[in-house]
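Hi everyone, thanks for coming. Please have a look at it on the screen.

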Amino acid sequence: MKYKSINDLRKEIVKNITLFEKFELIVGVPRSGMLPATIIALHLNKQLSDLETFLNGQHFAQGTTRQVSDGQKTIKKVLVVDDSVGSGGSMQKVKEKVENLKDRYNISYFAPYVTRQNKNIVDFYFEVLSIPRAFEWNIMHHPILKEACLDFDGVLCEDPAEAQNDDGKKYIEFILNAKPLFLTKHPVGIIVTSRLEKYRSQTEAWLEKHKIKYEELIMLENYSAKERSRLQIHGKFKGNFFSKSDKVLFIESNKKQAAEIATLSGKHVLCTEDFKVYEPSNFQIKTHIAKSKSLVKKIFDKFKTISRKLT
């Protein structure tokens with residue numbers, strides 16, 4: 001999985017900032033395209049607009065786009081920016097909307113990240129990124145969540161304060177009324193939390209309240225909150241489950257646990273504490289692949305045995 005953070009995006013824009021100097025107006029495609037468009041406009045002190053404002057003949061700072069009010073030359077060179085090109089459908093729709101303005105403006109199109117098959121939809125780009133891919137700025141609103149395991153506290157909702165973590169009434173009150181952090185509009189894969197199984201009903205009530213759809217909720221069993229804290233089994237519990245699952249990404253809130261989960265599972269972990277992806281070593285990846293192949297072989301051998309008995 002390819003992953004880009006906001007800091008990655010900013011660094012790449014600054015590194016290539018001279019590409020944008022000739023443009024007089026930067027137009028961002030809402031919502032994600034506004035991020036790179038704003039970074040470009042701020043660095044070069046350029047005029048900035050969102051797509052609809054531009055189509056209505058205006059921009060944010062100076063009124064109409066036909067003439068800058070301080071006596072500068074008429075705006076002609078316009079850059080339309082989105083954050084990425086995937087299937088190409090979104091950018092094609094943007095081009096259709098802008099088509100009738102081509103006689104008035106010299107319009108170019110840019111996206112930092114593109115797929116190989118649709119890279120020619122834009123005039124220039126930074127990098128070809130294959131799918132699956134994920135970006136920090138929209139990861140929690142991306143269909144890839146269907147293929148992910150998610151931590152609960154620190155990802156879907158805030159972490160409990162020390163005073164709330166009493167394994168009693170205060171904790172139940174926290175679970176039922178925890179402040180949301182990263183709510184998603186897409187269904188998620190498996191929620192894996194070191195919350196104790198005895199709090200399942202309250203946890204499910206919170207998920208229903210916030211309309212979060214998910215495949216399965218995995219919780220920690222057979223420990224008191226005190227034992228769980230003493231043994232520090234959070235990362236091990238999540239890593240072992242993730243290793244056996246068919247999910248390709250784990251989203252974890254704690255850096256230490258993220259590293260442990262990546263080590264145990266041999267798969268990638270995105271941490272919301274620093275928004276970095278923790279990667280397994282090559283040895284871990286090879287071990288994980290070997291285990292997967294071994295499992296497939298066992299299933300295949302069992303299938304052959306059943307087939308022989310049936311015949």
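This is a predicted model: local features need pLDDT of at least 70, side-chain atom pairs count only at pLDDT 80 or more; totals for chains, interfaces and linings use all residues.

Let's begin with empty space. Rolling a probe the size of a water molecule over the atoms shows where such space is left. In our model, the largest pocket has a volume of about 730 Å³. Its lining is made of 27 residues, and those closest to the centre are Ser-32, Asp-83, Ser-84, Asn-138 and His-142. Which elements give two or more residues to this lining? They are β7 (84–85), α4 (89–98) and β10 (133–135). The biggest giver is α4, with three residues. If you sort the lining by class, you find ten nonpolar, twelve polar and five charged residues.

Now to the second largest pocket, which holds about 500 Å³ of space. Here 21 residues form the lining, and Asp-159, Ser-194, His-234, Lys-238 and Gln-257 sit nearest the centre. At least two lining residues come from each of β12 (188–196), α7 (225–231), α8 (234–244) and α9 (255–265). By class, this second lining has two nonpolar, ten polar and nine charged residues.

Next, the helices. Take α1, residues 6–15, and α2, residues 34–44: their axes come within 10 Å and cross at roughly 40°. Are they parallel or oblique to each other? Angles under 35 degrees count as roughly parallel, so α1 and α2 are oblique. The crossing is right-handed. On the α1 side, the residues that meet α2 are Ile-6, Leu-9, Arg-10, Ile-13 and Val-14. Their partners in α2 are Leu-35, Pro-36, Ile-39, Ile-40 and His-43. This contact contains eight nonpolar residues, one polar and one charged.

Our other pair is α5, residues 169–177, with α6, residues 200–209. Their axes come within 8 Å and cross at roughly 25°, which makes α5 roughly parallel to α6. From α5, the contact uses Ile-172, Ile-175, Leu-176 and Asn-177. From α6, it uses Gln-202, Thr-203, Ala-205, Trp-206 and Lys-209. Sorted by class, the residues of this contact are five nonpolar, three polar and one charged.

Definitions and conventions. Residues are numbered from 1 along each chain as its sequence is written. Side-chain values use heavy atoms; hydrogens and water are left out. On a 1 Å grid over the protein atoms alone, a cavity is a set of points where a 1.4 Å probe fits but cannot get out, and a pocket is an open set with protein on both sides within 12 Å along at least five of seven lines; lining residues have an atom within 4 Å of a point. Grid points are joined across faces, edges and corners, and a volume is the space filled by probe spheres set on the points. Helices (H or I, at least four residues) and strands (E, at least two) are DSSP runs, numbered from the N terminus. Ala, Val, Leu, Ile, Met, Phe, Trp, Tyr, Cys and Pro count as nonpolar, Asp, Glu, Lys and Arg as charged, and the others, Gly among them, as polar. Axes are lines fitted to C-alpha atoms, for helices over the stretch in contact, and angles run from 0 to 180 degrees between N-to-C directions. Angles under 35 degrees count as roughly parallel, over 145 as roughly antiparallel, 65 to 115 as roughly perpendicular and the rest as oblique. A crossing is left-handed if the near helix is turned anticlockwise from the far one by less than a right angle, and right-handed if clockwise. Contact means heavy atoms within 4.5 Å.
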